[in-house]
2 protein chains.
Amino acid sequence: MYANAVQELIDELGRLPGIGPKSAQRIAFHLLKLAPEDALRLARSITVAKERVSWCRRCFNIAESAAGGVSPDDPVECEICRDSRRDGTVVCVVEEPRDVVAVEKTREFRGRYHVLQGAISPIDGVGPDKLRIRELLARLDPEGITEVILCTNPNIEGDATALYLSKLLKDLPLQVTRIASGLPVGGDLEYADEVTLGRALEGRRAVGE
Amino acid sequence: MYANAVQELIDELGRLPGIGPKSAQRIAFHLLKLAPEDALRLARSITVAKERVSWCRRCFNIAESAAGGVSPDDPVECEICRDSRRDGTVVCVVEEPRDVVAVEKTREFRGRYHVLQGAISPIDGVGPDKLRIRELLARLDPEGITEVILCTNPNIEGDATALYLSKLLKDLPLQVTRIASGLPVGGDLEYADEVTLGRALEGRRAVGE
């Protein structure tokens, strides 16, 4: 129905996650209406990100080379792995790079990370072999890791991944912990769902400890 | 929080309509995970669309030059305006190029279009001067147009635009019509909102006509 170049743009936008055909069309026309330099800035930022950003060869967080151009064959380390002040004996295992950002914002954690780049999800065809689990196991001994914090999401996929990892790690000489589930701070007992409230009760701790 | 190139990509994506900060982040990580050629295809389709697509110099629909490169100073005509089999005396006035596609899909209309590229919306700072109204008026006489169909959306902005145009055109020697509002075909009286049902009653027609 549309001119070729427009249809192709709509198709490409429609492949992005969370963008349906109607949104793709709206975004395409928005881009066509923009001044050329504004639209091309988006194109360029995609190109630059793909050129410069790769995965940290140690923890699989995002890693950027300051000078232009890294190849997948020549991976770099992320800022956190390069920071010698971080505690290398504790590793926080998360699903995605955005989870690293979330944990960093708490300022409660001074160890290193391991990004699985997903969670076990049979419905999406993601088995343990598609995650960076092999790479995690390979780090434990050489880096002298003594504690692994399973910090995957508290949902079905994240819990399954944490359970899978805890079984894998249980015979190794290290402590394996899971982040607590419970009521969010500032939340309201009345409005909590029963699963969350159940977990909060289950995870109760002695006061004054 | 993120590496520069990633933050820039998130920012650029966040400027798109309907994309909030969380979606921008999700799309950015999706692009980083894609194979380079897949992500770069999106970048290229933006670049190609901006190079090839411009506005039809007659009706302001999207127009594409088959050979690479049109400049805004050298506009082309869209496929519909170039099609000599179309009835040049009837012009259907719509808000956006996507509305041209919607009308074309009905196969009920064989005239030409005029795309206003928006609708009057004081709240968004869009007055009549920001629409392609001057260009519409300039077409009427030279093209021998005898009917103008006001096919803007049946909402506040579209109705305001149609009202504004109908006042502008009322003293000219041409017929001005507005598309009908009423119950959608296949719809259900019980679930129709009262404004739509009111319009449907108001626009009732003798049966057997």
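Buried means under 20% relative accessible area, exposed means over 50%, and partly exposed lies in between, as computed with a 1.4 Å probe on the protein chains only. By that rule B:E96 is buried, because its relative accessible area is 11%.

This is a predicted model, in which local features need pLDDT of at least 70 and side-chain atom pairs count only at pLDDT 80 or more, while totals for chains, interfaces and linings use all residues. Residues are numbered from 1 along each chain as its sequence is written, chains are lettered from A and ligands numbered from 1 in the order in which they are written, and side-chain values use heavy atoms, with hydrogens and water left out.

**How the two chains are related**

Two copies of a chain are related by a rotation about an axis and a shift along it. The same surface serves both copies, since 98% of the contact residues of chain A recur in chain B, where contact means heavy atoms within 4.5 Å.

**The nonpolar core**

In soluble globular proteins, nonpolar side chains tend to be buried together. A nonpolar core is taken here as a set of buried Ala, Val, Leu, Ile, Met, Phe, Trp, Tyr and Cys residues joined through side-chain atoms within 4.5 Å. The largest such core has 77 residues, and those with the most contacts inside it are A:L13, A:L31 and A:I46 along with B:L13, B:L31 and B:I46. When residues up to four places away in sequence are not counted, A:I46 touches B:L9, B:L31, B:A39, B:L42, B:A43 and B:I46.

**Aromatic pairs**

Rings of Phe, Tyr and Trp (its six-membered ring) pair if their centres lie within 6.5 Å, and planes under 30 degrees apart count as stacked, over 60 as edge-to-face and the rest as tilted. A search of the whole structure finds two aromatic pairs over all chains. The ring centres of A:F109 and A:Y113 are 5.2 Å apart with the planes at 65°, so this pair is edge-to-face. In chain B, B:F109 and B:Y113 form an edge-to-face pair with 5.2 Å centre to centre and 65° between the planes. Both A:F109 and A:Y113 are buried, and B:F109 and B:Y113 are buried as well.

**Charged side chains**

Side chains of opposite charge can pair when their charged atoms come close. A salt bridge is counted where a side-chain nitrogen of Lys or Arg lies within 4 Å of a carboxyl oxygen of Asp or Glu, and the whole structure holds 26 of them over all chains. The table gives three examples.

| Salt bridge | N to O distance |
|---|---|
| A:K33 and B:E96 | 3.1 Å |
| A:R86 and A:E104 | 2.8 Å |
| A:E135 and A:R132 | 3.3 Å |

Helices (H or I, at least four residues) and strands (E, at least two) are DSSP runs, numbered from the N terminus. The bridge between A:K33 and B:E96 crosses between chains, running from helix α2 (residues 21-33) of chain A to the loop between β3 (87-94) and α5 (97-106) of chain B. A:K33 counts as partly exposed, because its relative accessibility is 41%.

A:R86 lies in the loop between α4 (79-82) and β3 (87-94) of chain A and A:E104 in helix α5 (residues 97-106) of chain A, so their bridge ties together parts that are 18 residues apart in sequence. A:R86 is buried at 7% relative accessibility, whereas A:E104 is partly exposed at 22%.

**Helix α5**

In α5 of chain A, the residues A:P97, A:D99, A:V100, A:V101 and A:V103 are buried. The buried residues of this helix pack against β1 (53-55), β2 (62-64), α4, β3 and β4 (111-115) of chain A, together with α2 (21-33) of chain B. After α5 of chain A comes A:R107, whose phi is positive, near 55°.
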